[in-house]
Amino acid sequence: MIQLSFLKTIDKKYLIIIGLFIFFTLVLVLSTSIQNQKTQTNLPTPTPTPVLATQKQPMTNDLNQVPTEFYETVNKINQNLKITVQDDFPQIDSKIGF
Amino acid sequence: MLILFFVLSLILPQPSFAQSQEYFKYQENYQIFIEKTNVNNTYHSISTQKELFEITKKTLNTRELALKSYLNSLKTRLPQYQSANPEATQKLIDQLQQLEVWLDQKAQSALTLNSDPDLKNYALEFSTKYLEIQQAAYSSLVQHEVNQKTLVLNELDTLAQLMKTSPSIKNQDWLPDIEATSSQIKAKLSESLLETVSPQYNHQEFNSFYADSKEYLNEAQQLLTKMFSNLTIILIKSKS
């Protein structure tokens, strides 16, 4: 049994305010969740984008299909291909003193 | 805790030069320099002129130190892929080293300027050298990227050779196409480097070749990705 005797010590006025706060919070949460469900069901079904064979990039999963003897080499190249070189030449004022 | 810090330092991206301490100091002084210039343009008194002259010296000093620090960071990066083009890369490293020494001397002399004609001479000397600094810095950036891409291309060529001799890959129809792509990549990388030796000075203005070089580098990157993609597809097909 939950001991609710402590509630008797709280002023009724405050109990009503707390009760109303909990009630409205629940109403807000429920209405938001119903609204979200409605929006999701109304969304149009996405049409699949055609992918040209020449544009196909190897996916991470595809690399797992590479024969074992080549996997390590292919994986290393894949990592090296992703390296980007920083080009951060600083912007300075070269005309100071003129 | 230390391990966590070490792991995080590996994962998190390295700060760019724009976030460096030296560049920050220059920006700070430059901001004050702009303010003092505006004040001096309004009042044009002896005290505002003196204040402007002092902050100009500080700004020049921190500008040269920021540039020196940038060239140093560039020089430290270059050896990473130097094996792709050892001689050309070494030449740039040496050039960057010389410019660093020049900038260091210039930074010190900025603090000893004491008259407007001195400042004028200093500015003229710097603007001429700055053309060389830009040329060296942008050439180094291009060389560094060319080196990195050349090493990836070498790896792809090696992979293609391995596939060529592999008994599990019977059909070799793909080879001419892969070799053609490899040649195209080499051509793009050469063209990118050629841009760096084109005439850069035009009436004391730097004619930046970087955008053109970068275009070739981007095309090379696309071809590298295509070559990798095609080789991977051939390998996957050979398994099925």
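This is a predicted model: local features need pLDDT of at least 70, side-chain atom pairs count only at pLDDT 80 or more; totals for chains, interfaces and linings use all residues.
Leaving aside neighbours within four places in sequence, Leu231(B) is in contact with Leu156(B), Leu159(B), Ala160(B), Met163(B) and Ile178(B). In the largest nonpolar core, which has 41 residues, Leu231(B) is one of three residues that touch the most other members, along with Leu156(B) and Leu224(B). The elements that give two or more residues to this core include, from chain B, helix 2 (21-43), helix 3 (46-77), helix 4 (86-110), helix 5 (116-165), helix 6 (175-196) and helix 7 (210-239). Chain A takes part as well, through its helix 3 (68-81). Helix 5 of chain B supplies the largest share of this core, 11 residues. The core draws at least three residues from each of domain 1 (19-114) and domain 2 (138-240) of chain B. Apart from this core lies another, of five residues, with Leu60(B), Ala110(B), Leu113(B) and Tyr122(B) among them. As a general point, nonpolar side chains tend to be buried together in soluble globular proteins.

Helix 7 of chain B, which holds Leu231(B), can be followed along its length. At 1.5 Å a residue, its 30 residues should span 44 Å, and the end C-alpha atoms are 43 Å apart, which agrees. The buried residues of helix 7 of chain B are Ser213(B), Tyr216(B), Leu217(B), Ala220(B), Leu223(B), Leu224(B), Met227(B), Phe228(B), Leu231(B), Thr232(B) and Leu235(B).

Read from the N terminus, the order is α-α-α-α-α-α-β-β-α. Of the 240 residues in chain B, 30% are buried. Among contacts in chain B with a separation of 6 or more, 77% join residues 24 or more positions apart.

The domain assignment divides chain B into domain 1 (19-114) and domain 2 (138-240). Taken over C-alpha atoms, the centres of these two domains are separated by 36 Å. Their contact takes 11 residues from domain 1 of chain B and eight residues from domain 2 of chain B. On the domain 1 side, helix 3 and helix 4 of chain B are the elements that give two or more residues. Helix 4 of chain B has the largest share of that side, four residues. By class, the side of domain 1 that touches domain 2 has seven nonpolar, three polar and one charged residues.

Within helix 3 of chain B lies Thr59(B). This residue counts as buried because it has 26 C-beta neighbours inside 10 Å, where the cut-off is 20 or more. Leaving aside neighbours within four places in sequence, Thr59(B) is in contact with Asn29(B), Tyr30(B) and Phe33(B), and also with Ile96(A) from the other chain. Thr59(B) and Ala110(B) are 51 residues apart in sequence, while their C-alpha atoms are 8.9 Å apart in space.

Chain A has three helices and zero strands, in the pattern α-α-α. Buried residues make up 7% of its 98 residues. The contact between the chains takes 40 residues from chain B and 27 residues from chain A. On the chain B side, the elements that give two or more residues are helix 2, helix 3, helix 5 and helix 7. Helix 5 of chain B gives the most to that side, with 17 residues. By class, the side of chain B that touches chain A has 24 nonpolar, 11 polar and five charged residues.

The confidence values remain to be considered. The mean pLDDT of chain B is 90, and 90% of its residues reach 70 or more. Among the elements of chain B, helix 4 has the highest mean pLDDT (98), whereas helix 1 (residues 2-11) has the lowest (46). Over residues 4-13 of chain B, pLDDT stays under 50, and the model has zero contacts beyond four places in sequence for this stretch. For the complex, the predictor gives an ipTM of 0.81 and a pTM of 0.76.

Technical notes
Residues are numbered from 1 along each chain as its sequence is written. Chains are lettered from A and ligands numbered from 1 in the order in which they are written. A residue is buried if 20 or more other C-beta atoms lie within 10 Å of its own, exposed if 12 or fewer, and partly exposed in between; C-beta atoms are placed from the backbone. Two residues are in contact if their C-beta atoms, placed from the backbone, lie within 7 Å. A nonpolar core is a set of buried Ala, Val, Leu, Ile, Met, Phe, Trp, Tyr and Cys residues joined through C-beta atoms within 7 Å. Domain bounds come from an automatic or database domain assignment. Ala, Val, Leu, Ile, Met, Phe, Trp, Tyr, Cys and Pro count as nonpolar, Asp, Glu, Lys and Arg as charged, and the others, Gly among them, as polar. The expected span of a helix is 1.5 Å times one less than its number of residues. pLDDT is the predictor's confidence in each residue, from 0 to 100.
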